[in-house]
Amino acid sequence: MTSLQLPQWKLSTLGGAPAPKLTSYLGKPLLVLFYSIGCPGCKSRAIPYAKAWHQQYGADLHLIGVHTHFSRRAYSPQQIQEVNQVYQVPFKVYLDHGHAAADLFQADGTPHWALLDQKGQLIRSVFGSMPNAIHRIDYALTELFQKANLH
């Protein structure tokens, strides 16, 4: 998938309210982390990298977490919030019911990253939290910000 017409996703906040539409993130690059609190790689590697990028790029980057799951085990919003507090997740987290939003981005599981430019075009879609996956997202972020003189 190299380009994406912004889909209509149906996410909710941890409190149950509808999440902002994907189009509300236009104007700045958007990094979406699809993750699950039941995923060891999400907690040990993906969330820390997302936190570092959140700090590095600050207000120049929209960064959101989308809690999804591909297994039979579901987690309550309270469980997700408790884990997010332990890991000090500094960005907004939304719930993906039945991994419908993850499917829109052709996520292979968790963690999965989707990087969109300020116009909503998909720049990179990467599965995993191992160094190769993280480097691909990091390079894409660096290139995007350099090319657009954003940061």
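This is a predicted model: local features need pLDDT of at least 70, side-chain atom pairs count only at pLDDT 80 or more; totals for chains, interfaces and linings use all residues.
Read from the N terminus, the elements of the chain follow the order β-β-α-β-α-β-α-β-β-α, giving four helices and six strands. Along the principal axes, the C-alpha atoms fill a box of roughly 40 × 30 × 25 Å. Of the 151 residues, 46% count as buried. Among contacts with a separation of 6 or more, 71% link residues 24 or more positions apart.

The chain carries 13 positive and 8 negative side chains, with the centres of the two sets 3 Å apart.

A closer look can start with A19, which sits in the loop between strand 1 (11-13) and strand 2 (30-35). Because its relative accessibility is 14%, under the 20% cut-off, A19 counts as buried. Leaving aside residues up to four places away in sequence, A19 touches L11, S12, T13 and Y94. G109 lies 90 residues from A19 along the chain, and the C-alpha atoms of the two are separated by 21 Å.

Several features of the backbone also deserve attention. Most residues other than glycine have a negative phi, and most peptide bonds are trans. H99, in the loop between strand 4 (92-96) and helix 3, has a positive phi of about 50 degrees although it is not a glycine. With a relative accessibility of 24%, H99 counts as partly exposed. Q106 is found in the loop between helix 3 and strand 5, and its phi is also positive, near 55 degrees. At 48% relative accessibility, Q106 counts as partly exposed. The loop between helix 3 (100-104) and strand 5 (112-116) also holds P111, and a cis peptide bond with omega of about -5 degrees joins T110 and P111.

The last stop is D117, in the loop between strand 5 and strand 6 (122-127). D117 is buried yet has no salt bridge. The nearest side chain of opposite charge is that of K119, 6.3 Å away, whereas a salt bridge requires a separation within 4 Å. Not counting residues up to four places away in sequence, D117 touches K28, P29, I123 and L144.

Definitions and conventions:
Residues are numbered from 1 along each chain as its sequence is written. Side-chain values use heavy atoms; hydrogens and water are left out. Helices (H or I, at least four residues) and strands (E, at least two) are DSSP runs, numbered from the N terminus. Buried means under 20% relative accessible area, exposed over 50%, partly exposed in between (1.4 Å probe, protein chains only). Contact means heavy atoms within 4.5 Å. Lys and Arg count as positive and Asp and Glu as negative; His and the chain ends are not counted. The place of a charge is taken as NZ of Lys, CZ of Arg, CG of Asp or CD of Glu.
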